[in-house]
Every structure is written in structure tokens, then in C-alpha cells.
Amino acid sequence: MAMELSGLKMAPKVLLLFLQLAGSSMALPALPGMDRVRWQVDRANRRGPSIGLVMSYIDEDTALQASGYFSPWSVQPFIDLYGRRFHIGSIRGVNVVYALTGQRRLNAAVTVQTLLDIFSVSGIVHYGTAGSSNDSMSFGDVSVPKLVAYTGAWTWKKFKSLKESPTELSFAQYNVPNGGDNLLGSLKYRNEELYSVGTPMEEVFWLPVDSAWFKIAEGLKVNLERCNDTFCLPKTPQVVHGLKGASADMFLDNAEYRNFLFREFGVSTIDEESAAVVMTATSPGVPVIVFRGVSDLAGGEPTWSSTSLMNLASINALKVAVEFIATIGRQKSTPSVQSSNN
């Protein structure tokens, strides 16, 4: 069904593209000092569409700044908005606006929504570190998940209530010594309410990344780092595609819950933000993809220090994200047969 804007009828996808290209400084609130920010945003958006790049931890931001991949735009290298700094520039010749979201899903969702509302963004790329709950993935590996879920939404059930779902977490199963009941009862995992353009609200558990972008990511060839300044891994890490990731507002450092998530949901990586990033971008239909480097084993490691490997995991996830952005740029700059004949 066509939509109408100032007397012009547009299909929904055409309207979305029009709004992106036109810039979105109109979305800024009427607050003191916003006139200058509005002018800065309009100037940045006149460069054309950009990839929105987000990360959550300072170490992940530091990896980008130290890498030399990002070239700031000399005209307007950054815009400070809502307490965050949005960096304007390019990676491998591709326009990029990047921001440090801060930890956990509320910070992640707010930052991505700001990118979508204010800047001319054609897609969201999210990279960072994660814990591994899959014994086949180890330190430094990078996961490109096909599905992510938010596993921090629960119904905390009454003691001795009946089991309603096969994936409920019963605390009594983890008593030491074994046997008996547990007054904490059990948890039932809840779906998320997804509101998206053109469809009614639906309850979902798994959120897919963009299928076309995932296919592009599957074809990437990236040599990952084995060493950082203080440590070398026994073998070179690998990029793994198509697994499942989970997010929750907690840092997981517990072997039993790690094993539960893998056994019941098939989750291979665990973080705090990916599901929020994917859900926020999915709502308006903007392409989104996730790259997560393994920095720890979510409580499954006996002696390793995750702090010594977070830097390496950040660097490897960044390398895959950069190669993906460069590939997207090359594909957009290569004219199709149809367009070259026009």
C-alpha cells in the first residue's frame, strides 16, 4: 500500500530511503544548543548514507582507534549528542558513523536508535567480545551468528509450580548435595515483543541478522591474530558462521549456567548487547550483522584470565567487521549490468 508525504505517494521502502538520504536532524528535540548540533548533523548527512558501527566496551573502541582503520572526516570528525560521541569518517573508503554504546541492552538500543533516527544510516554493524558456551569455540575465535536471543527475560515462577516449557531453568537441579527442592523455584524464558514496519507486533525468541549481509559475511577471508602484546594462543583463531548467540543484562561467569544455555538453546556465544542491536535495527527493516570475538569461556575456563585476552578478541572481531564493511563498499561501487546499460 502506498504512503503519502507532502502530496507525494511513495512505497514504504522508497519512503525509508528518502528519509535516510534527506537526513534526520528534524528528529532532534527543541533544546538549547541543538541548533548547532542540527547543523552539524545535516552537514554530516550530506556526505550520503553511512554504515552505523557500534561497540559496547571501551577496549573494543580502543581497538578501533589504535588500528588505523578509521579515517576521521576532516570537515566534521565527530558530533556529541545525548552524552555520546558519534565519530564521522570512513573505513576503507566507506562512509562510517561509529559510537561506543556502553554496556547492556538499554545503552545499546538507545545508541542504535539514535543512529537510525538522526544519521543517514544504511545498515548497522556490531562488533565486540563475548563469552563462549560452545566447547568447539575458543579464545580469539570470531562468531558471526545467524540468530540471537535475549535470554534475560523471565517469568520467575512460584515454588513447586508446574513445568510449562521444556527449557525452564529449575534451581533444584543444581542443589549441592543433589536432591530436594529449592525455594527459588524455576525460571520460564519469555519471548520479546517485536514491532516492525508493515507487520503486526509478534512475539519472537530468536532474532535473525540480515540474510543478505550474512551471506556476504560467509564469503569473507580474514586472517585472525594469534598474539597480542602479552600473550600468544596455541593455535590461530578461526571465523565461525551460522551459530546462535544470546544476550542478557549480566556478565556470565558460571560454568553450570553456561552449559545450560548451550544444552537447552544451542547458544555458542554470550554477551550483553547483540540482541538489542539486532532487534532495534530489525524494527525499521535496516540491515544488521554481528561479529563477536571470544574473550572468555563464560565461567568454563579453569585457569585462563579473560582480561589478558579481551584485547585480542576485540582486535579479531574488528578485523572481520572491517573486511565486511570494505566488501559492502566494493559491492556498492560496482555497477550492475542493468545500471551500466542505462
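1. Trp-154, Trp-156 and Leu-184 together make a nonpolar surface patch of about 310 Å². Areas follow the Shrake-Rupley method with a 1.4 Å probe, and for residues only the protein chains shown count as cover.

2. This is a predicted model, in which local features need pLDDT of at least 70, side-chain atom pairs count only at pLDDT 80 or more, and totals for chains, interfaces and linings use all residues. Residues are numbered from 1 along each chain as its sequence is written, and side-chain values use heavy atoms, leaving out hydrogens and water.

3. The count of aromatic pairs comes to 10, where rings of Phe, Tyr and Trp (its six-membered ring) pair if their centres lie within 6.5 Å, and planes under 30 degrees apart count as stacked, over 60 as edge-to-face and the rest as tilted. Phe-205 and Trp-206 form an edge-to-face pair, 5.2 Å centre to centre with 90° between the planes.

4. The charged end of Arg-105 sits over the ring of Tyr-150, 3.8 Å from its centre, and that of Arg-47 over the ring of Trp-73 at 5.3 Å; the criterion is NZ of Lys or CZ of Arg within 6 Å of the ring centre and within 35 degrees of the ring normal.

Technical notes: Patch = residues over 30% accessible without salt bridge, like charges linked within 9 Å, V, L, I, M, F, W, Y side chains within 5 Å. Salt bridge = Lys/Arg side-chain N within 4 Å of Asp/Glu carboxyl O.
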